[in-house]
Amino acid sequence: MAGLWDEEIVPLIEATPGLRPIAVLEEMQYRHPDRDLSSARRTLERRMRLWRAEHGPDREVIFRQSHPPGREGMSDFFDARALGVTIAGVPLAHRIYHFTLVHSGWEHAEVVLGGESYTALAGGLQNALWLLGGAPREHRTDSLSAAFANLDRDAREDLRTRYDALCADYGMEATRNNRGIAHENGSIESRHGHLKTRLEQALLLRGSHDFDELDGWRHFVAQVVARHNARHRDRLRVERPHLQPLPARRSCDYDEARVRVTSSGGFVFRKVFYTVHSRLIGYELKLRIFDDRLELFLGGTPLETLPRGRPPAGGRGGHGYVVSYHHVIHSLRAKPQAFANLTYRDALFPRTEYRRCWDALTAAGPLRQACRIMVGLLWLAHDQTCEAELAAALSAILARGELPVLEELRSRFTRTEGDGGPDVPVCIPSAGSYDDLIQGQGAAA
């Protein structure tokens with residue numbers, strides 16, 4: 001390094017503090033091709049490290065904090081696609097909401113199907129607090145930028161106001177770590193990694209990443225978290241008396257919207273088409289929007305709950321569909337040929353057996369006949385409430401290499417007048433017996 005260190009290298013690293021030793025070495029080799037510096041790398045690394053310790057810029061200091069019981073809880077989300085979970089063989093794109101009490105390490109986690117929305121945060125946080133039975137004095141999150149990324153300024157401010165009001169309902173101070181400073185949320189960030197590892201190991205022990213239904217995966221996550229919390233039982237016992245009592249009822253954890261049911265027998269909400277009963281065509285409905293469901297109201301009257309749909313990945317594949325053949329089968333029965341080119345036909349099949357039946361019918365015969373038989377089968381499943389039984393029968397027929405005969409299946413599954421179930425005798429007591437009962441209760445009091 002004679003003639004290089006003080007004259008060239010020190011001015012270089014003073015001007016550009018982020019330079020790495022290998023980059024400095026390559027620059028010196030370029031400037032001085034007549035020198036053999038191939039063996040100088042370790043020397044250069046040592047001297048640059050010592051120089052930075054004596055003369056380098058100030059570095060950020062991490063201030064370790066004490067966390068008294070009952071003071072702080074933290075929330076965050078993490079992407080769970082790397083876990084490789086599938087539902088009935090279909091990869092599940094989802095996140096996991098994660099809450100922890102910093103002092104005791106008690107945790108709550110739940111599956112989130114959408115993004116980092118206010119409804120997911122509010123629902124997950126309240127589920128955690130009611131399961132815990134109390135609330136900390138402070139609730140810390142990141143900057144919530146992901147939850148508000150696609151909103152305009154007024155909408156972002158509205159959601160921040162709602163979030164602050166939610167925390168106020170539980171007596172919690174809402175705090176946020178500074179944007180881009182991950183270690184300020186370190187108590188939850190490090191636990192993300194631990195929870196991911198626990199879930200990965202539990203899935204390996206289970207022997208499969210596939211679940212028949214989404215509820216099975218949700219229950220699995222809850223079990224893994226419960227086993228972890230059991231190991232922190234003593235610390236939680238110390239922290240629980242310091243938690244604040246819960247309010248009398250849960251706060252609002254949903255968004256609202258209004259939609260109008262079109263002549264197509266449904267409505268479009270956020271690029272997803274939902275079917276409803278045809279008698280609602282032309283009516284305006286009020287929606288309560290949760291992460292995993294929509295609750296439908298006509299005025300103040302609750303109608304039904306639909307699973308929350310999501311548009312195709314990337315937003316360029318058209319609409320998503322949440323449809324039920326029960327909603328449209330009455331009209332489809334009158335116009336069975338509409339089934340052939342129905343835009344949401346593939347989403348209308350209630351089970352895979354019905355889809356396989358449709359493929360077999362279209363491959364074997366005229367399209368008109370296939371539509372008539374398929375609509376007839378759906379009507380039979382609806383009218384006789386035999387969807388599962390009919391699916392099993394169709395599977396057996398297809399396994400034999402045969403096609404379903406609609407008339408035979410109708411005669412097999414149509415219940416007669418006397419097939420309504422066993423007679424249950426009901427003895428109606430006399431009105432006077434109620435007077436005797438009331439008088440007996442009064443005497444006992």
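**Note on aromatic pairs and a pocket**

1. W106 is buried, with a relative accessible area of 6%, where buried stands for under 20% relative accessible area, exposed for over 50% and partly exposed for what lies in between, with a 1.4 Å probe and protein chains only. The model is a predicted one, in which local features need pLDDT of at least 70 and side-chain atom pairs count only at pLDDT 80 or more, while totals for chains, interfaces and linings use all residues. Residues are numbered from 1 along each chain as its sequence is written, and side-chain values use heavy atoms, with hydrogens and water left out.

2. The partner of W106 is F99, and the two form an edge-to-face aromatic pair, 6.3 Å centre to centre with 70° between the planes; F99 is likewise buried, at a relative accessible area of 0%. Rings of Phe, Tyr and Trp (its six-membered ring) pair if their centres lie within 6.5 Å, with planes under 30 degrees apart counted as stacked, over 60 as edge-to-face and the rest as tilted. The structure holds 12 such aromatic pairs.

3. The pair W217 and F220 is stacked, because the ring centres are 5.8 Å apart and the planes stand at 20°. Both residues belong to helix α7, 3 residues apart, which is about one turn of the helix, and both W217 and F220 are buried. Helices (H or I, at least four residues) and strands (E, at least two) are DSSP runs, numbered from the N terminus.

4. Ring pairs join F211 to W217 and F220 in a cluster, and R206 lies over the face of F211, at 3.8 Å from the ring centre. A charge sits over a ring if NZ of Lys or CZ of Arg is within 6 Å of the ring centre and within 35 degrees of the ring normal. The charged end of K286 also sits over a ring, that of F297, 5.8 Å from its centre.

5. Helix α7 (214–230) also contributes to the lining of the second largest pocket, where α7, β5 (107–112) and α4 (118–132) each supply at least two residues. A pocket is an open set of points on a 1 Å grid over the protein atoms alone, where a 1.4 Å probe fits, with protein on both sides within 12 Å along at least five of seven lines, and lining residues have an atom within 4 Å of a point. The second largest pocket holds about 530 Å³ of space, and of its 25 lining residues the closest to the centre are H108, A109, E110, G124 and N127.

Terms used
Points joined across faces, edges and corners; volume = space filled by probe spheres on them.
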